[in-house]
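We will walk through it one region at a time.

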Amino acid sequence: MPVARPELSDSRVIAHVDMDCFYVQVEQRKQQSLRGQPTAVVQYNSWQGGGLIAVSYEARKFGVKRSMRGDEAKQVCPEIHLVQVPVARGKADLNTYRNAGSEVVSILSRRGRCERASIDEVYLDLTIAAEAMLADNPPECLETVSEEVVKSHVLGLEEVCSDARENVRHWLTRSDASRRDKLLACGAFIVAELRLQVLEETEFTCSAGIAHNKMLAKLASGMNKPAQQTVVPFSSISKLLGTLPIKKMKQLGGKLGTSLQIDLCVNTVGDLLQFSEEKLQEYYGVNTGSWLWNTARGISGEEVKERLLPNSHGSGKTFPGPRALKTVASVEKWLSELCEELSERLQSDLEQNKRIAHTLTLHAHAYKSNDADSFKKFPSKSCPLRYGTSKIKEDALSLFQAGLREYLGLYNVKISGNQNSGWGITGLSVSASKIVAIPSGTRSIMNYFHNQEETCPQVKLSSEKLIQDAPLVSPSEVNSLESGGHLTLQSVEPWIACREENEESKYSMPLDRQKENKDMCKEKGMPTISRYFQSQHSGSLLKVEHASTSKLSESSSLSDHQSELPEENSPARGESGVDAHLSSQIKLKRPAWSYGIDEIDQDVLNELPKQIQEEVHAWLRPQKRPNTVKRDLGITRYFLPAKDK
C-alpha cells in the first residue's frame, strides 16, 4: 500500500528524465539508415511478426501502437522497419539497452543526486545545484538564454505577449518571482544543459519534467514529447491534477484506483479534494487515507535515492497459450537458461561494481485446467542466494517444486519430472535482490596481492639479516602459532595489513587493530613479514636497553637465574651481565620452534608472493643449536640460523 510521506521542504528541485522511445533510438544508433524512418522494435517471438515493444514517433503518426503485432503494424504503415530485439538462450537479451541506459545515467549524475528508476528513466535531485546557481548566477542576471531552455513548457504560464518562447523567457528571468519559482527556473536551465550533453555524447534525445517533488516531475515528463521539458510551478499544481484521470496516477492504476471509482465515485485526482483526510482514513486506513489526501494536493515527501545501479537483477520468460510448460522437466530446462543468465549478470555486477545479492526469488504464473480454484496464484518463493550457476539452478528448482506443491495442495508429495495434474506454467522468472556493496576491505588474500608489485615497493632482505632484525615474540604469540602446527591466514593477517600503503585496500578489522597497524606501518625499514613478529602490545616484548646504568642495576639479579640455565646455554665467561640475563629470559619465555616447512599448510603458503614465501621459509627452517657459543654475538645468536657444517 502507498506510504504517506510529508514533504520536508517545498523548495526542492526534482527532475524526472525519460528517454524517448529508447529501444528504437538504440537500434537507430546502430543502424544510422533508420533515423527519421518509421521504426519499431519487436520481440524475438516471430508469431504474427512479433509483438511491438517500442515504436518511433514517425511510425506513431501512421497510427502504429505498441499493442500491435508486427504484421498488423505493416498493414497500418507499409514502410515501417521492424527490428528484432537481440536474442540469447531462446529469449530477449536486453543487455544492449541496459548498457545504453548506463551511458545516460553517467551523464545525468554529474549535477545532482541520481536515482535510476528503470532502463530508460532517471530521477534527479537538483536542489543543491539550483541553489548554487541562484546564489552565484541567477537567471535574471543572464545576458543570453539558450534556445533549448526557452523551448520549455511552463504549466499555468501567463501570456505577456503572443510569442510563446518570449513568455517562457520572461517567466524564467523574472526578478520579482518567489524563491520557489526561481529555483525551478534554475532547474530548467540545468536540465536543458544536461539533455544537450546526453544528445551530444550518446545521440539520444530525452524529455524531462521539473517540479518540487518526484510525483509531479514524473507526471510532467510525459506531457510534452519528444525532446522537450515541462516545468510545474507550485501555483499550477491544482490545474495539473484537477482533470487527471485517477488511473493515470502512480499506484492508483490497480485495485485501489478501482475502489475509488466504485466506492467514492472518484474519476479524477481533483475529485479527491472533496473528501476530508478523516473520511479517506475511514475508508482506506490511516496511512493510505493520508497518502490519498496528500496526493490530491500534490504533496509527496518521497526522496530521490542515490542509486546509479539497479536494485535487483531478473531473468524471465512467458509461455502463452499452447507453449505453456506442463512438466517439471520442461520447467527445469527453462530454469537452467534463466539461472545461467542471472548468474552471469550477478558475476558481472560483482566484478564491476563490487556488489553482492543476498536473496533468490522465483515467480511463476500458472493455471489449473481441471480445478474450480484456477484463479489461485502461484506462490512466489525465496531463499538465500548462493553464487555459482549450478547452485542457483539447484535452488531455483527447489523453490519451484515447493511452490508447485503448495499451488496444487500436495504439500507432502514429491513431484517427479514428468508428472502433471492438469497444470501449466505461462510465465517463469528468477530474480536476485537485496543487493548491497561489499564492505570496504573485505577481500581474499589473493586479491590483496594482485598487482602488488605495482602498488607497493618491495624491499629485499636476506634471510640472515631478517632474523637478526626481528624483535622477540611473546610466549603467548609463539604458543598460538605452534599449538596448531600450521601457519594460517589469520596468523599472517596483521603483517599483511601493515604492508598496505593505500587506505582503500585495508582489511576489515576492529578499529583498535587498524590503529595499531597504522602505527606499525609508519615504522621505516620493516616492509616484510618481520612486522608480524613485532609485538601487538607493549607488554609482550622484552625491551633491551643498553644504557650503562641499566647494566649495573641488573647485574645484581643475574645469579638468581643463571643456576636455572642448562650448561650449554649458560653465559660464556666474560660475557656481559645483561646479555646473560636476557639469554636466560629468552630460554624461559620463548620456546624454540620445532617444526619444519613441511608441516605448514602449503595451500596457504602458495598464495603468498615468492619473496614472502622465502621469508617464511627463513623463519621456520629447523635451527641447529651449536655446542659452543661465540662471545661476540650476544643475544642475536638465538635468532641466527645454524651454519651448515
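This is a predicted model: local features need pLDDT of at least 70, side-chain atom pairs count only at pLDDT 80 or more; totals for chains, interfaces and linings use all residues.

**The six-stranded sheet**

Six strands build an open sheet with mixed pairing, in the order β7-β8-β1-β10-β11-β9. The edge positions are taken by β7 (113-118) and β9 (153-154); each has a single partner strand, so one side of each is left without a neighbour in the sheet. Within the sheet, β1 (residues 14-19) and β10 (residues 206-211) pair in the antiparallel sense, and histidine 16 can be found opposite glycine 209 of β10. Helix α4 packs on this sheet, where it touches β1, β7 and β8, and its direction makes about 160° with that of β7.

The pairing of β7 with β8 is antiparallel. These two strands form a hairpin, with two residues between them. To find your way across the pair, look for glutamate 115, which stands opposite tyrosine 123 in β8.

**The four-stranded sheet**

Another open sheet has four strands, ordered β12-β16-β14-β15, and its pairing is antiparallel. Which strands stand at the edges of this sheet? They are β12 (313-318) and β15 (381-384); each pairs with a single partner strand, so one side of each has no neighbour in the sheet. On average, neighbouring strands here are turned by 15° against each other, ignoring direction.

Strands β14 (residues 359-368) and β16 (residues 423-433) run antiparallel, and tyrosine 367 sits opposite glycine 424 in β16. Two helices pack on this sheet. Helix α14 (residues 328-353) touches β12, β14 and β16, and its direction makes about 15° with that of β16. Helix α15 (residues 389-408) touches β14, β15 and β16, with its direction at about 40° to that of β14.

| Strand pair | Sense | Bridges |
|---|---|---|
| β14 and β16 | antiparallel | ten bridges |
| β1 and β10 | antiparallel | six bridges |
| β7 and β8 | antiparallel | five bridges |

**Two helix contacts**

Two packed helices are described by the angle between their axes and the distance between the axes. Let us take α4 again, this time with α1 (residues 22-30): their axes come within 10 Å and cross at roughly 95°. Angles of 65 to 115 degrees count as roughly perpendicular, so α1 is roughly perpendicular to α4. On the α1 side, the contact is made by Phe22, Tyr23, Val26, Glu27, Arg29 and Lys30, while α4 brings Thr96, Tyr97, Ala100, Gly101 and Glu103. By class, the residues of this contact divide into five nonpolar, two polar and four charged.

The other contact joins α5 (residues 127-136) and α8 (residues 179-202), which pack at an angle of about 105° with their axes 9 Å apart. That makes α5 roughly perpendicular to α8. Helix α5 takes part through Ala129, Ala130, Glu131, Met133 and Leu134, and α8 through Arg179, Lys182, Leu183, Cys186, Gly187, Phe189 and Ile190. The residues of this contact comprise eight nonpolar, one polar and three charged.

Rolling a probe the size of a water molecule over the atoms shows where empty space is left. In this model, the count comes to two cavities of 30 Å³ or more. The second largest cavity holds about 30 Å³ of space. Which residues line the second largest cavity? They are Met19, Gly101, Val104, Val105, Ile119, Asp120, Glu121 and Val122. The elements giving two or more residues to this lining are α4 (95-108) and β8 (121-125), and the largest share, three residues, comes from α4. The lining has five nonpolar, one polar and two charged residues.

**Two backbone details**

Finally, here are two spots in loops. Lysine 225 and proline 226 are joined by a cis peptide bond, with omega about -5°. Proline 226 belongs to the loop between α9 (214-221) and β11 (229-231). Arginine 89 has a phi near 60°, a positive value in a residue other than glycine. This arginine 89 lies in the loop between β5 (87-88) and β6 (91-92).

Note on methods:
Residues are numbered from 1 along each chain as its sequence is written. Side-chain values use heavy atoms; hydrogens and water are left out. On a 1 Å grid over the protein atoms alone, a cavity is a set of points where a 1.4 Å probe fits but cannot get out, and a pocket is an open set with protein on both sides within 12 Å along at least five of seven lines; lining residues have an atom within 4 Å of a point. Grid points are joined across faces, edges and corners, and a volume is the space filled by probe spheres set on the points. Ala, Val, Leu, Ile, Met, Phe, Trp, Tyr, Cys and Pro count as nonpolar, Asp, Glu, Lys and Arg as charged, and the others, Gly among them, as polar. Axes are lines fitted to C-alpha atoms, for helices over the stretch in contact, and angles run from 0 to 180 degrees between N-to-C directions. Angles under 35 degrees count as roughly parallel, over 145 as roughly antiparallel, 65 to 115 as roughly perpendicular and the rest as oblique. Contact means heavy atoms within 4.5 Å. Two strands pair if DSSP finds at least two bridges between them.
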